[in-house]
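Student: Could we go through this structure together? I'd like to start with a loop and then look at some helices.

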Amino acid sequence: MRANPGTLVRLFPLPTFSWLSLSFTLILPLLAVASAADNIQVFFSPNGGCTEAVVANLGRATTSVFVQAYSFTSTPIAKALADAKKRGVDVQVILDKSNITGQYSSADFVAHANIPTYIDSKHAIAHNKIMIIDCKTVLTGSFNFTKAAETGNAENLLVIKDEAMAKVYTANWQAHLEHSQAYDSGSTRTAKTANPRK
Ligand SMILES: [Zn+2]
């Protein structure tokens, strides 16, 4: 990673009593989503563009999207994953066991979109919130892929464009996949699962 903390300092100038600084204060939420370095962006919720950043990056995926999620209820993110799958992108999702509920969930939505979906029950909590896109870009942070994380919580999301970092995350994702079980949504997925790369 080549994060440049100095850039962040420049993004948040010390306030002075002037109309210029007032303007900075008013647009600070927008500046908070600006690039901290050429290859790293940071977003903050609530309502700081985290969901939009996830959806936009998924929209640019061309080869693969590997996901680890703790809580996953975001409809736009689930839809973006399904859209990527429709484009032929190799999308695979590992979820914490808390996503197994008796009710229809986004986990069911992605599973029904023929996206290989797995449950990692090996840990007290499978708490990673990660997307690895095209083995080049890593999205991670405290931001869960949920509506609450976008609208109500204080969270952060980093978008890291770094192939070496993506490689490290992919190896860790693969290690978790090895001890995860296929998610049984209890309905339509059973006949059409198949992703030969599992
Ligand atoms: Zn695991």
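Student: Where is Gly-49 found?
Tutor: In this predicted model, Gly-49 sits in the loop that runs between β2 (40–45) and α3.

Student: And how many other C-beta atoms are within 10 Å of Gly-49?
Tutor: There are 18 of them, so Gly-49 is classed as partly exposed, given that a residue needs 20 or more to be buried and 12 or fewer to be exposed.

Student: How far apart are Gly-49 and Thr-151 in space?
Tutor: From C-alpha to C-alpha they are 10.0 Å apart, although 102 residues separate Gly-49 and Thr-151 in the sequence.

Student: What kind of peptide bond joins Ser-45 and Pro-46, cis or trans?
Tutor: The bond between Ser-45 and Pro-46 is cis, with omega at about 10 degrees, and Pro-46 belongs to the loop between β2 and α3. In general, most peptide bonds are trans, and most residues other than glycine have a negative phi.

Student: OK, so what is phi of Asn-47?
Tutor: Phi of Asn-47 is near 55 degrees, which is a positive value in a residue that is not glycine. Asn-47 is also in the loop between β2 and α3, and it counts as exposed because it has 11 C-beta neighbours inside 10 Å.

Student: Switching to helices, at what angle do α3 and α4 pack?
Tutor: Helix α3 (residues 50–59) and helix α4 (residues 75–86) pack at about 5 degrees, and their axes are 9 Å apart. The two helices are therefore roughly parallel to each other, since angles under 35 degrees count that way.

Student: Which residues make that contact?
Tutor: On the α3 side they are Thr-51, Val-54, Val-55, Leu-58 and Gly-59, while α4 brings Pro-76, Ile-77, Ala-80, Leu-81 and Ala-84. Sorted by type, the residues of this contact are 8 nonpolar and 2 polar, with no charged ones.

Student: What about α7, which residues are buried there?
Tutor: Ala-166, Tyr-169 and Trp-173 are the buried residues in α7. They lie on the same side of α7, because they cover an arc of only 70 degrees around the axis. As a general point, an α-helix has 3.6 residues a turn, so residues three or four places apart point the same way.

Student: What covers those buried residues of α7?
Tutor: The cover includes the strands β3 (64–69), β6 (130–133) and β7 (137–141).

Student: And which exposed residues are on the face turned away from the buried side of α7?
Tutor: That face of α7 carries Ala-164, Val-168, Ala-171, Gln-174, Ala-175 and Glu-178, which are exposed.

Terms used. Residues numbered from 1 in each chain as written. Predicted model: local features only at pLDDT ≥ 70, side-chain atom pairs only at ≥ 80, totals over all residues. Helix = DSSP H or I, 4+ residues; strand = E, 2+ residues; numbered from the N terminus. Arc of directions from axis to C-beta. Contact = placed C-beta atoms within 7 Å. Axes fitted to C-alpha atoms, helices over the stretch in contact; angles between N-to-C directions. Parallel < 35°, antiparallel > 145°, perpendicular 65-115°, else oblique. Nonpolar A, V, L, I, M, F, W, Y, C, P; charged D, E, K, R; others polar.
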